[in-house]
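The text below takes them in turn.

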Amino acid sequence: MPVSADCFVTGLVLAAGGSRRLGEPKQLLPYGSGTLLDHTLETARSSGFDQLIVALGGSSEVVRRQVDLSGAEVVENRDYGDGCSSSIAAGLSAVDARSEVLVLMLGDQPGVTAATVRSLVAGRGEGTAIAVCQYDDGRGHPLAFGRALFDELRELHGDKAVWKLMDRRAGEVVEVRVPGSIPPDVDTLEDYEAVLA
């Protein structure tokens, strides 16, 4: 079932990181019955997107061999060392022309659920430029962007650029209430141990 009956929604899983702080490909860390990225992609597939894209970069060859990428279009981000923005740009190159909404998901944030994604899309409202999950302790991923911002997203640079974009367009941001704390992402071994706990 599509995530929204009203418009075409694309999900983009950002999974191109080089895992410098961790020292091994975090996409392949054991999690549940597979890997960390397997878990995120299963959540994305369960979210009912009309189109699903995953951006790979660091360790992409081994990720392609070990992760179930079924149902997702894979884009290669050769500039993955430049931060998340380069993965967004790579992903946008594959977005369907019918897409009205782009939902960004982090490949290393296993606490995000399909219910959260559906709430975000349903709660954003028609014609909204930006929607963000408002957890008990602040704003967090996933994020949703309307088609009017796709070109601006392509031009971003660096790791925190989407947050700076939201600051610049503060009056256009819709906060969608999600109960609980911001799900942690995995950058270090301590982060990984915390999400396993």
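Arg 98 is exposed, because its relative accessible area is 54% and the cut-off for exposed is over 50%. Keep in mind that this is a predicted model.

What does Arg 98 pair with? Its partner is Asp 96. The two form a salt bridge, and their closest N and O atoms are 2.9 Å apart. Side chains of opposite charge can pair when their charged atoms come close. Here the cut-off is a side-chain nitrogen within 4 Å of a carboxyl oxygen. By that rule, the structure has twelve salt bridges.

Now turn to Glu 76 and Arg 64. Their side chains also meet in a salt bridge, at 2.9 Å from N to O. This pair links distant parts of the chain. Glu 76 sits in strand S5, which covers residues 73-76. Arg 64 belongs to helix H2, residues 60-66. Glu 76 has 28% relative accessibility, so it counts as partly exposed. Arg 64 is partly exposed too, with a relative accessible area of 41%.

Next comes Glu 152. Its side chain meets that of Arg 169 in a salt bridge, 2.8 Å from N to O. This pair, too, links distant parts of the chain, 17 residues apart. Glu 152 is in helix H5, residues 150-154. Arg 169 is in the loop between helix H6 (161-168) and strand S9 (173-177). Which residues join them in a network? Salt bridges with shared partners tie Glu 152, Arg 168, Arg 169 and Glu 172 into one network. Glu 152 is partly exposed, at a relative accessible area of 25%. Arg 169 is partly exposed as well, at 25% relative accessibility.

Finally, the cysteines. A disulfide is a covalent bond between the sulfur atoms of two cysteines. How many disulfides does the structure hold? The number is zero. To count, two sulfur atoms must lie within 2.5 Å. For Cys 7, the closest cysteine sulfur is in Cys 133, 16 Å away, so a bond is ruled out as too far. For Cys 133, the closest cysteine sulfur is in Cys 84, also 16 Å away and too far for a bond. Their surroundings can be read as well. Cys 7 counts as partly exposed, at 22% relative accessibility. Cys 133 counts as buried, at 0%.

Notes:
Residues are numbered from 1 along each chain as its sequence is written. This is a predicted model: local features need pLDDT of at least 70, side-chain atom pairs count only at pLDDT 80 or more; totals for chains, interfaces and linings use all residues. Side-chain values use heavy atoms; hydrogens and water are left out. Helices (H or I, at least four residues) and strands (E, at least two) are DSSP runs, numbered from the N terminus. Buried means under 20% relative accessible area, exposed over 50%, partly exposed in between (1.4 Å probe, protein chains only).
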